[in-house]
Amino acid sequence: MSEAPLIADVLLSGGTVVTLNAGRQVIADGAVAIRDDRILAIGKREALARTVKTRRTIDTRRFVITPGFVDGHIHITGDPLTRGFIRGEPGLDWSERLSRWVMPLFCGQTAEDERLAAQCAALAMMRGGTTCFLEAGTVRQLGAVMEGLAETGIRGRVGEWVEGRAFDPKADQARASADAIAVLEAEIARYPQTDGARLAAWPLLVGHSTNSDDVWRAAKALADEHGLGVSAHMSPYGSDAEWFLEHTGRRPLEHLAELGVLGENVALTHLVHVDRNELDILAQTRTNAIHCPVSAVHGGYGLSQVGLFPEMIARGVNVVLGTDGAASDILSSARLMAGLFRDARQDPDLLPPSTALEIATLNGAKALGMEASIGSLEAGKKADLVLHDPELPEWGGPQFDVAGQLVFCAPPGGIHSVWIDGVWVVDQGRSTLLDQDKLLADARQAGRRLVERLGLPVRTTWPVI
């Protein structure tokens with residue numbers, strides 16, 4: 001007797017499937033069967049046609065199908081409403097730009113502003129093939145943001161703005177730390193990481209020099225207790241190292257290692273200005289390193305001169321890509337990362353497409369503790385997948401090497417469809433769950449009102465007449 005057929009909700013039939021499985025197989029004329037929120041089966045089209053009975057078949061012969069990408073670091077509020085607003089004036093250093101321009105744009109947003117910003121960020125990510133993200137820990141209106149994100153269908157881990165260091169010598173440091181720790185405890189209780197939860201809160205820290213040792217210890221303890229992760233900014237410029245050396249006698253990662261707050265469930269973002277000893281610490285503690293090449297280049301961090309990301313990869317450090325909100329798609333960041341370090345090391349074979357795709361998928365899933373659920377297309381994993389259109393002119397001719405063409409040729413606007421948790425969330429570049437036109441119109445109005453409310457001058461590159 002023949003076996004009973006597998007019953008699927010949807011069968012994506014005929015595409016070129018880039019699995020990122022253990023064998024890194026690419027299945028030509030492949031198929032993916034989805035039931036509920038999971039991949040039911042994956043393989044050759046003809047084989048699945050015989051073994052799978054489906055309620056709906058979608059012809060995907062035109063497309064390349066990949067796992068959803070993971071954005072390891074993005075500010076989903078603060079930036080999206082004012083992305084084109086010039087922040088600062090010529091000659092201002094980083095700290096002045098931060099305090100006089102960037103921080104007011106973050107802190108001046110209403111709950112509705114942050115809700116709109118988060119939805120815009122989610123839409124941009126999904127249109128670029130990102131299905132899961134880790135927020136930068138700079139959300140102020142967490143309830144409104146979580147409600148807005150839930151409507152988009154995206155997967156993510158989000159955290160409220162937490163610092164906890166009292167820089168004023170007269171301030172009560174113990175109280176500042178206690179207040180910050182209370183926020184961490186409250187957010188993970190309100191938005192727990194339960195089985196199947198697309199959205200959950202993590203103890204995310206602003207980082208740099210803004211968090212006291214007590215806050216760091218508490219964040220790590222909460223993450224360990226609840227199976228979560230900790231993320232924080234660190235060392236985009238040399239100023240973080242200078243501060244830690246002055247106040248602790250150690251460089252940033254040396255100090256965090258001394259506190260015992262590094263490890264596999266910790267991800268540090270930027271890490272441009274780390275020395276060889278800190279590289280050793282990353283490798284020894286298995287701490288994740290989140291690389292944001294677009295923001296590094298735009299911010300003039302000195303990445304190509306001092307960045308050690310190829311060395312991190314060689315040492316087994318789990319390097320993850322983030323857009324930081326400065327880019328909307330991970331593939332552009334992967335492309336920039338490969339080009340920068342190939343040039344800096346004068347090695348045209350450095351960071352091949354295979355590595356870039358692993359960083360954009362599997363490495364991100366590992367950093368978020370989700371490698372058993374996302375990052376590759378395999379039976380039993382979440383149905384988070386992306387359909388790319390290789391018939392666009394940027395792809396060129398035939399698919400000689402799909403991985404190489406994805407990383408080095410595919411345009412940012414080349415995403416046709418996106419599925420998250422088995423739900424079709426983007427079709428032909430448009431959200432299936434949101435009123436996309438209304439969202440963007442509301443966001444434009446909110447951005448204008450925000451700048452007017454703050455009284456910040458609008459500067460333009462050239463005169464507008």
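Select Asp 280 first: it is partly exposed, with a relative accessible area of 27%. That term covers values between two limits, since buried means under 20% relative accessible area and exposed means over 50% (1.4 Å probe, protein chains only). You are looking at a predicted model, where local features need pLDDT of at least 70, side-chain atom pairs count only at pLDDT 80 or more, and totals for chains, interfaces and linings use all residues. Residues are numbered from 1 along each chain as its sequence is written, and side-chain values use heavy atoms, with hydrogens and water left out.

**Stop one: the partner of Asp 280**

Which residue forms a salt bridge with Asp 280? Select Arg 315: its closest N and the closest O of Asp 280 are 2.7 Å apart. A salt bridge here is a side-chain nitrogen of Lys or Arg within 4 Å of a carboxyl oxygen of Asp or Glu. Arg 315 is partly exposed, at 41% relative accessibility.

Now select Arg 62 and Asp 389. They form a salt bridge, with the closest N and O atoms 2.8 Å apart. Arg 62 lies in the loop between strand S6 (57-59) and strand S7 (64-67), and Asp 389 in the loop between strand S17 (385-388) and helix H15 (402-408), so the pair ties together parts that are 327 residues apart in sequence. Helices (H or I, at least four residues) and strands (E, at least two) are DSSP runs, numbered from the N terminus.

Is Asp 389 buried or exposed? Asp 389 counts as buried, at 9% relative accessibility. Arg 62 is partly exposed, at 38%.

Go to Arg 430 and Asp 437. This salt bridge has its closest N and O atoms 3.1 Å apart. Arg 430 is partly exposed, with a relative accessible area of 38%. Asp 437 is partly exposed too, at 48%.

Next, select Asp 37, Arg 38, Arg 155, Arg 198, Lys 382, Asp 384 and Asp 421 together. Salt bridges link these residues in a network. How many salt bridges does the count come to? The count is 24.

**Stop four: the rings**

Turn to the aromatic side chains. A search of the whole structure finds 6 aromatic pairs. Select Phe 167 and Trp 243: this pair is edge-to-face, 6.5 Å centre to centre, with 70° between the planes. Rings of Phe, Tyr and Trp (its six-membered ring) pair if their centres lie within 6.5 Å; planes under 30 degrees apart count as stacked, over 60 as edge-to-face and the rest as tilted.

Phe 167 is in the loop between strand S10 (155-158) and helix H5 (173-190), while Trp 243 is in helix H7 (residues 239-248), 76 residues apart. Trp 243 is buried, at 17% relative accessible area. Phe 167 is partly exposed, at 49%.

**Last stop: a charge over a ring**

Finish with Arg 140 and Trp 161. What sits over the ring of Trp 161? The charged end of Arg 140 does, 4.1 Å from the ring centre. The rule asks for NZ of Lys or CZ of Arg within 6 Å of the ring centre and within 35 degrees of the ring normal.
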